[in-house]
Amino acid sequence: MIPAPGQTLADIATRLATHLLPELGSEYGQADAGLLATLLLTISQDYERAVDNRMTDVEEMRDLFESATGAPNLNALLEYTQSQPQSLHLRDVNAHHAQGFEYLIELHTWAEHHSADLDTEIWAFLRRHNERNKFDIPGP
């Protein structure tokens, strides 16, 4: 067991960036090592918050779906509001989250032409979703 996998990934990225990258002779090698370090940092950040962020999205999508009176796929939306991921394993949470986003895309397409208020609510949700999932990557 790795007790703090998110921190472990961040530590590996930091070591790569501070110890290995300066020792590389070619610009390509430095750029590649920098990219790998950045990817490790994003993975570490997403690891720490993945299930919480996705389940927060699911809860907010449920509220949107419940307020979607008149939507053509209302029964499917309401069925989704009563569902849960098969488990809290990230793969199952991701699958459940992805299903919600498929429904959200369909609903948003409909709302753009039929419900200005719901369209605005969906855009607000998407902004909150983006804020929750942005990465904090230190610059040079």
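Predicted model: local features only at pLDDT ≥ 70, side-chain atom pairs only at ≥ 80, totals over all residues.
**Exercise 1.** State how many salt bridges the structure holds, and describe the one between Asp46 and Arg54 and the one between Lys134 and Glu131.

*Solution.* 
Step 1. The structure holds six salt bridges.
Step 2. One of them joins the side chains of Asp46 and Arg54, at 3.3 Å from N to O. Both Asp46 and Arg54 are buried.
Step 3. Another salt bridge is formed by the side chains of Lys134 and Glu131, with an N to O distance of 3.0 Å.

**Exercise 2.** Locate His108 in the chain, decide whether His108 is buried or exposed, and identify the residues that His108 touches.

*Solution.* 
Step 1. His108 is part of helix H4 (residues 90–114).
Step 2. The relative accessibility of His108 is 10%, so this residue counts as buried.
Step 3. Leaving aside residues up to four places away in sequence, His108 touches Asp119, Ile122, Trp123 and Leu126.
Step 4. With Asp119 there is also a polar contact between the two side chains, at 2.7 Å.

**Exercise 3.** Determine the number of aromatic pairs, and classify the pair of Phe65 and Tyr80 and the pair of Phe65 and Tyr103 as stacked, tilted or edge-to-face.

*Solution.* 
Step 1. The count comes to four aromatic pairs.
Step 2. For Phe65 and Tyr80, the ring centres are 5.7 Å apart and the planes stand at 70°. Planes over 60 degrees apart count as edge-to-face, so this pair is edge-to-face.
Step 3. The pair connects distant parts of the chain, since Phe65 lies in helix H2 and Tyr80 in helix H3 (residues 74–81), 15 residues apart. Phe65 counts as buried because its relative accessibility is 0%; Tyr80, at 4%, counts as buried as well.
Step 4. For Phe65 and Tyr103, the ring centres are 6.4 Å apart and the planes stand at 85°, so this pair is also edge-to-face.
Step 5. Phe65 in helix H2 and Tyr103 in helix H4 are 38 residues apart, and their pair again links distant parts of the chain. Tyr103 is buried, as is Phe65.
Step 6. Taken together, ring pairs link Phe65, Tyr80 and Tyr103 into a cluster.

**Exercise 4.** Name the residues of the nonpolar surface patch that includes Ile43, and classify the accessibility of Ile43.

*Solution.* 
Step 1. The patch consists of Leu35, Leu36, Leu39 and Ile43, which together have about 360 Å² of accessible area.
Step 2. Ile43 lies in helix H2 (residues 27–66).
Step 3. Because its relative accessibility is 46%, Ile43 counts as partly exposed.

Methods: Residues numbered from 1 in each chain as written. Heavy atoms only, no water. Patch = residues over 30% accessible without salt bridge, like charges linked within 9 Å, V, L, I, M, F, W, Y side chains within 5 Å. Areas by Shrake-Rupley, 256 points an atom, 1.4 Å probe, with all protein chains shown as cover. Salt bridge = Lys/Arg side-chain N within 4 Å of Asp/Glu carboxyl O. Helix = DSSP H or I, 4+ residues; strand = E, 2+ residues; numbered from the N terminus. Buried < 20%, exposed > 50% of the residue type's maximum accessible area, 1.4 Å probe, protein only. Polar contact = N/O pair within 3.5 Å; in protein donor to acceptor, adjacent residues only side chain to side chain. Contact = heavy atoms within 4.5 Å. Phe/Tyr/Trp six-rings, centres within 6.5 Å; stacked < 30°, edge-to-face > 60°.
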